[in-house]
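Thanks for making time this morning. I would like to walk you through one structure, moving from its charged pairs to a loop residue and then to a pair of helices.

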Amino acid sequence: MCVKDLLLPNIKQWDVGKVKLLFDHVVAETILRVPLVEEVVEDRLVWQEERNGEYSVKSGYRLWRGVQSSNRCNDREGNWKNVWNILAPSRAKHLLWRICRGCLPTRTNLQQHHVQCSSICPWCDIEEEDEWHVFFGCISTSQSWRAAGLSALIDSRIHSFHDAKSLIFDVCSREDRRDAGRFAMVLESLWRSRNNVVWQDDREDAIRIGLQAYHNWYDWFLARKDHNGCTTNNFPLTWIPPLVDQVKCNVDASFNNNVVTTNRGWCFRDHLGRFIRAGSAWDLGLYSVFEAEATALKEAIQDAISLQFSHVSFESDCQFYLL
């Protein structure tokens, strides 16, 4: 049945009896309230984005931008606030944003934008270069993560995630802000080194990339503390954790003039700041400051050897030693 079947023959009026017979009261009343125009106008296409119904390039572009923005919002799973809150330089955070938004000019992305180039990774010359391969899949990548002390952080996620975006969101939301910051600095160093291979044919050692990334982050962290007025010397007041899977030992010495003794102590903690072990000792007599600090460091090293620690950083209030 068509709408015309609900009208009286040859008259543009509703057949009230038929409408009430076919529909319930509410629907019938709704139909009968619809006005019937005597003048018949031919149907035509109307562009609803303009008041006059006429299409314009400006309104078409505005509609397209709205659809694109809506699609991007729907594709932004994850908490972006966690990404921006990590302890890392702005350039490293911006790189994370570019990776997660899919606008990093990897070779596969360039080909999707009709750029004539090879899709093979310039580092290994074996697999196609996408975001996952550059940062987590290439042969050289694992060596860089290990050198930066973040292999445990990455290895536990390699088999759980299959795209760089999901892994980045997980690290930024679950890990300590400092660990996430070091993670971002390794990504930034890997991408810079990749570009050096492409544009300058300069292949940097993978282990050096990881070590340099950690030292760059550490220097930035110290400079940030100095800039904020937290300290004026070469070492920050805030305790800095060691690399993941490593241990830090803080040592110090003191003097008791009343009983004429030189005292010293040390404390081991992991990268999360969890206590592992502590020790102390004292000797009769007053050593020099350097002798006292050196003796404390020596005994802390001996304690670390007895505990069979393989990667320990030793820290005092006057110097920083990495063994």
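Predicted model: local features only at pLDDT ≥ 70, side-chain atom pairs only at ≥ 80, totals over all residues.

Glu315 and Lys248 are both buried, where buried means under 20% relative accessible area, exposed means over 50%, and partly exposed lies in between, with a 1.4 Å probe and protein chains only. Their side chains meet in a salt bridge with an N to O distance of 2.8 Å, and by salt bridge I mean a side-chain nitrogen of Lys or Arg within 4 Å of a carboxyl oxygen of Asp or Glu. This pair links distant parts of the chain, since Glu315 lies in strand E4 (residues 312–315) and Lys248 in strand E1 (residues 247–256), 67 residues apart. Strands (E, at least two residues) and helices (H or I, at least four) are DSSP runs, numbered from the N terminus.

Residues are numbered from 1 along each chain as its sequence is written, and side-chain values use heavy atoms, with hydrogens and water left out.

The structure holds 14 salt bridges, and another of them joins Arg264 to Asp283, with the closest N and O atoms 2.6 Å apart. Here Arg264 is buried at 6% relative accessibility, whereas Asp283, at 23%, is partly exposed. Asp270 and Arg274 also form a salt bridge, at 2.6 Å from N to O; Asp270 is buried, with a relative accessible area of 11%, while Arg274 is partly exposed at 49%. Elsewhere, Arg157, Asp170, Arg174 and Glu175 are linked in a network of salt bridges.

Let me turn to the loop between helix H6 (107–112) and helix H7 (131–137), where Ser119 is found. Ser119 counts as buried, because its relative accessibility is 12%. Leaving aside residues up to four places away in sequence, Ser119 touches Arg107, Gln111, Glu127, Glu128 and Glu129, a contact being heavy atoms within 4.5 Å.

Finally, how do helix H10 (residues 164–174) and helix H11 (residues 177–200) pack, and at what angle? Their axes are 9 Å apart, at an angle of about 150°. In this contact, Leu167, Ile168, Val171 and Cys172 of H10 meet Ala180, Phe183 and Leu187 of H11.

Definitions and conventions. Axes fitted to C-alpha atoms, helices over the stretch in contact; angles between N-to-C directions.
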